[in-house]
Amino acid sequence: CSAGIPFDGGLRCLCWKILLNYLPLEKALWSSLLKKQRDLYSQFLKEMIIQPGIAKANLGVSREDVTLEDHPLNPNPDSRWNTYFKDNEVLLQIDKDVRRLYPDMAFFQRPTDYPCLLILDPQNEFETLRKRVEQTTLKSQTVARNRSGVTNVRSSSPLKTTPNSLSEYEVLPNGCEAHWEVVERILFIYAKLNPGIAYVQGMNEIVGPLYYTFATDPNSEWKEHAEADTFFCFTNLMAEIRDNFIKSLDDSQCGITYKMEKVYSTLKEKDVELYLKLQEQNIKPQFFAFRWLTLLLSQEFLLPDVIRIWDSLFADDKRFDFLLLVCCAMLTLIRDQLLEGDFTLNMRLLQDYPISDVHLILKKAKELQDSK
């Protein structure tokens, strides 16, 4: 896997599921485990995406009773409506981010072949997440307007152009849903199940390549369950890298600051001249390595290249030590330009990385690994 997994026959999808500890090594256990997890995911959908009140109304309780017991202005923090409104805040943030996933590719805007029947079934009154967002349009319009001006380091990207408003997206007919809506649901359920971290900008960039890989699986039996499988693989991957997203851990030994410094200490070991040059220009690792490490390089390269890099990252038995070496390789491959450039030029190089050949980068990282 480390040397790159062939796409043929859905091999990559299978390998990633094993490398991310979703599937056990024992092949005989796969079908029962997959059935169990996919059923569990359906359960999550039923519990977390259905509007409060509907479930009770369907149980024969009249609407008035539900409203009396728990109306939208109920100040009680345990009120289901209170939870509903809080969820909407998280949902608007997720919605804003997933709509702009890989805008240079049509994939995420296209309808999925497997819309979620549980939610889109006309027999029930479930509210889709897209409906919820539309009902909160007042907020989402201001979100859309601010969007092109978002300067958050976790979202600014050299490779992506941002559409200016929600109206630029084609609205799919009823009963259809776009791939980005599936990603939105995955992130929303993750946020509900992990209230300690909920949703942090950038998680959309981690779930995107996973979902794309599973949703383009040549094996249609697996492809049909891309949503549930992505959810569990994403959850497992986040369990390993979530500390990068938790601000309060930034300076702890498991936090992102420690990892960024590790990039520099590794560079110092491998190329002291380049290390001293960056130090002298006061180019701190957080100016570029923060994004590289937190988002596993998903914003530095085109999607097929990101997927190839992830083959090597997921196959790393030391779990993301190899990522530090890839970052060092990226620095050493442009060392001549960095040694000649001034602060401004070098910052531009690092924030909009010039080399697109990921095979060259991975080869260099492997050399650095072997030279230990």
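Threonine 294 is found in helix H15 (residues 289–294); helices (H or I, at least four residues) and strands (E, at least two) are DSSP runs, numbered from the N terminus. This is a predicted model, in which local features need pLDDT of at least 70 and side-chain atom pairs count only at pLDDT 80 or more, while totals for chains, interfaces and linings use all residues. Residues are numbered from 1 along each chain as its sequence is written, and side-chain values use heavy atoms, with hydrogens and water left out.

**Threonine 294**

- Threonine 294 counts as buried because its relative accessibility is 1%; buried means under 20% relative accessible area, exposed over 50%, and partly exposed in between (1.4 Å probe, protein chains only).
- A polar atom of the threonine 294 side chain lies 2.6 Å from the backbone oxygen of phenylalanine 290.
- Leaving aside neighbours within four places in sequence, threonine 294 is in contact (heavy atoms within 4.5 Å) with Ile206, Ile241, Asn244, Phe245, Ile256 and Ala289.

**Whole chain**

- The chain has 20 helices and zero strands.
- Of its 372 residues, 49% count as buried.
- Among contacts between residues at least 6 apart in sequence, 75% join residues at least 24 apart.

**Nonpolar core**

- A nonpolar core is a set of buried Ala, Val, Leu, Ile, Met, Phe, Trp, Tyr and Cys residues joined through side-chain atoms within 4.5 Å.
- The largest such core has 107 residues, and Met203 and Trp310 are those with the most contacts inside it.
- Helix H17 (residues 321–333) gives the most to this core, with 10 residues.
- At least three residues of this core come from each of domain 1 (11–24 + 31–49 + 76–143 + 172–244) and domain 2 (247–371); the domain bounds come from an automatic or database domain assignment.
- Not counting residues up to four places away in sequence, tryptophan 310 touches Trp16, Glu205, Ile206, Pro209, Leu210, Leu295, Leu296 and Ser298.

- Tryptophan 222 is found in helix H11 (residues 220–223).
- With a relative accessibility of 18%, tryptophan 222 counts as buried.
- Leucine 14 is 208 residues from tryptophan 222 along the chain, and their C-alpha atoms are separated by 9.3 Å.
- Aspartate 39 lies in helix H2 (residues 30–48) and is partly exposed, with a relative accessible area of 41%.
- From C-alpha to C-alpha, aspartate 39 and alanine 228 are 8.8 Å apart in space, and they are 189 residues apart in sequence.

**Pocket and cavities**

- Both terms rest on a 1 Å grid over the protein atoms alone: a cavity is a set of points where a 1.4 Å probe fits but cannot get out, and a pocket is an open set with protein on both sides within 12 Å along at least five of seven lines; lining residues have an atom within 4 Å of a point.
- Grid points are joined across faces, edges and corners, and a volume is the space filled by probe spheres set on the points.
- The largest pocket has a volume of about 540 Å³.
- This pocket is lined by 25 residues, of which Tyr114, Cys116, Glu224, His225 and Glu227 are the closest to its centre.
- H2, H6, H9, H10 and helix H12 (226–241) each supply at least two residues of the lining of the largest pocket, and H2 gives the most, with six residues.
- By this rule there are two cavities of 30 Å³ or more, and the largest cavity has a volume of about 60 Å³.
- Leu120, Thr128, Leu129, Arg130, Glu177, Glu181, Glu184 and Arg185 line the largest cavity.
- Helix H7 (129–135) and helix H9 (179–193) each supply at least two residues of that lining; the largest share, three residues, comes from H9.

**Positive phi in loops**

- Tyrosine 102 has a phi near 40°, a positive value in a residue other than glycine.
- Tyrosine 102 lies in the loop between helix H5 (80–98) and helix H6 (117–120), and is buried, with a relative accessible area of 2%.
- Alanine 198, also a residue other than glycine, has a positive phi near 55°.
- The loop that holds alanine 198 is the one between H9 and helix H10 (203–215).

Terms used
Polar contact = N/O pair within 3.5 Å; in protein donor to acceptor, adjacent residues only side chain to side chain.
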